[in-house]
Amino acid sequence: MSTEKSALQPPMQWDAWGDPTKKRELSDAVTSLLTGFLGVSAPTRSRLAIEDVQVVPSAMAQSHVEALAGLVGAEYVSTKDSDRILRAGGKSTPDLLRRRSAEPQDAPDVVVTPGTDAEVEQVLRYCSANRIAVVPFGGGTSVVGGLDPIRDGFDAVLSLDLRRFDQLVGLDEESGIATFGGGTTGPRAEELLRENGFSVGHFPQSFLFATLGGFAATRSSGQASAGYGRFEDMVQGLTVVTPSGVIETGRAPASAAGPDLGELFVGSEGTFGVITHVRVRVHRLPETTVREGWSFPDFATGAAALRELVQEGSAPTVLRLSDEAESGVNLATTDKIGENAFTGGCLGITTYEGTASHTAERMAEARAILTAHGGTSLGEEPGNSWEHGRFDAPYLRDALLDVGALCETLETATTWGNLANLRSSVTEALTKALVEQGTQPLVMCHISHTYKTGASLYFTVVSAQTEDPIAQWHKAKTAAGDAIISAGGTITHHHAVGADHRPWMKDEIGELGANILRAVKNAVDPAGILNPGKLIP
């Protein structure tokens, strides 16, 4: 396969996370943990050089390529294998394991990069008339099969890349609203706003590569959600292009003019339309940022402290709690994984932002609550360590896969009263499913998003790979998904549905809920071209 660079190529590696210059090397402590406790040995699949990768030939007829070039310009249409393979899917562990296979790699048949709403609409109408499926593409960070080129009976699949929608279109400083192109990445948005003294404040782990349109399409939740809310809380309006036309949502900060149609597209994962512009709430850059780590004797004690903090309205901007297993290996502070810098109990991380006086007041109020619940302050260092490496965990996963470990994550959420039950149910399901396949796992968990009524649970699982690690994880993931539903959790809190969580959607929303989604789909996308095989059961 040709490795010639193209202007259409996204920044992420085709078979790993992010920037290849940030590749992680495992420490002796981690290597010892893997071999001694988990029995990890040589990997079942090794990474291939990109020039050795075989890509399934494009099924796109030349007549369609020429017609699409007439709509957006020839330089923005590509059937090159080197462009197609980079949009072959997302970055889940099964995605990355599949890319280590010597078998031909499936990929979209053509990459199209429009630059205006009118061009997007023309492309969608052309595809509707010619049986071509369309997968909207932002940063390529999906970990739930949200970008899989599923044909579902269509003649070909088109990857619709939003990278040209990367501008700050407008900033209403008085109202605190910024309008961005949907293809603007998190860092680019912050850079453009910082010039004017503002910030979005949305920092999920995918921040460095994901786009604002992707944040909206997947109901993303950032690491500062305790202070600034989830991304749907920030969205003030959207421009969505569908095969049936263009819709604008968010006429005012609040409205009683019927159901909020914007909610149909926030979380729609590209199945109802293409989000080309996002109007988002922004805030002034904070005057002061202070971090503090906390130690709790056990997870239940720490969770109770977080619950009171949130319910009393005293939550900091960032609020996290790692369980005993995650704290024990220092996964929360990714630069010190495997070291014994933190021993015993559970590690909590807090961050406070605002004016100096407001920050001091919030810290004092929070400290009183956390201390009363058995917390012990560890000072600034744990929080600073977490901040330094908070976007780097996916690089660690790449390194683990390279040495023969299976490493993957999943997340859910529930009420405070059901939190312990859900955590134990999922942990037991994952452990049982992997042990039955002959691999002892390490299952870790943390709370990273909190609400007055409940919290999220984010699980990280590490074990040795079996001969077929994709099938191995599928069994574990299925067991975990079933346990989540049985224990009263949501099948996904912020990773979205995609193809991977779709089997549980009827359990989540019921048959009537599924019929409502299908009705909306039929109204905006009657030919069914948009991201088939995702979200809608």
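Q: Which residues of helix α14 (residues 381-389) are the buried ones?
A: In helix α14, a DSSP run of H or I with at least four residues, the buried residues are Pro382, Gly383, Ser385, Trp386 and Gly389, where buried means under 20% relative accessible area with a 1.4 Å probe and protein chains only. The model is predicted, with local features needing pLDDT of at least 70 and side-chain atom pairs pLDDT 80 or more, while totals for chains, interfaces and linings use all residues. Residues are numbered from 1 along each chain, and side-chain values use heavy atoms, without hydrogens and water.

Q: What makes the buried residues of α14 line one face of the helix?
A: Seen down the axis of α14, they fall within an arc of 160 degrees, so they line one face, the arc being that of the directions from the axis to the C-beta atoms.

Q: What covers the buried residues of α14?
A: The cover, made by contact (heavy atoms within 4.5 Å), includes helix α15 (393-402) and the strands β12 (288-296), β13 (318-322), β14 (346-354) and β15 (376-379), a strand being a DSSP run of E with at least two residues.

Q: Why is Threonine 211 called buried?
A: Its relative accessible area is 5%, and Threonine 211 is therefore buried. Threonine 211 lies in the loop between β7 (198-199) and α7 (212-217). Leaving aside residues up to four places away in sequence, Threonine 211 touches Gly138, Gly139, Gly182, Gly183, Thr184 and Thr185.

Technical notes. Buried < 20%, exposed > 50% of the residue type's maximum accessible area, 1.4 Å probe, protein only.
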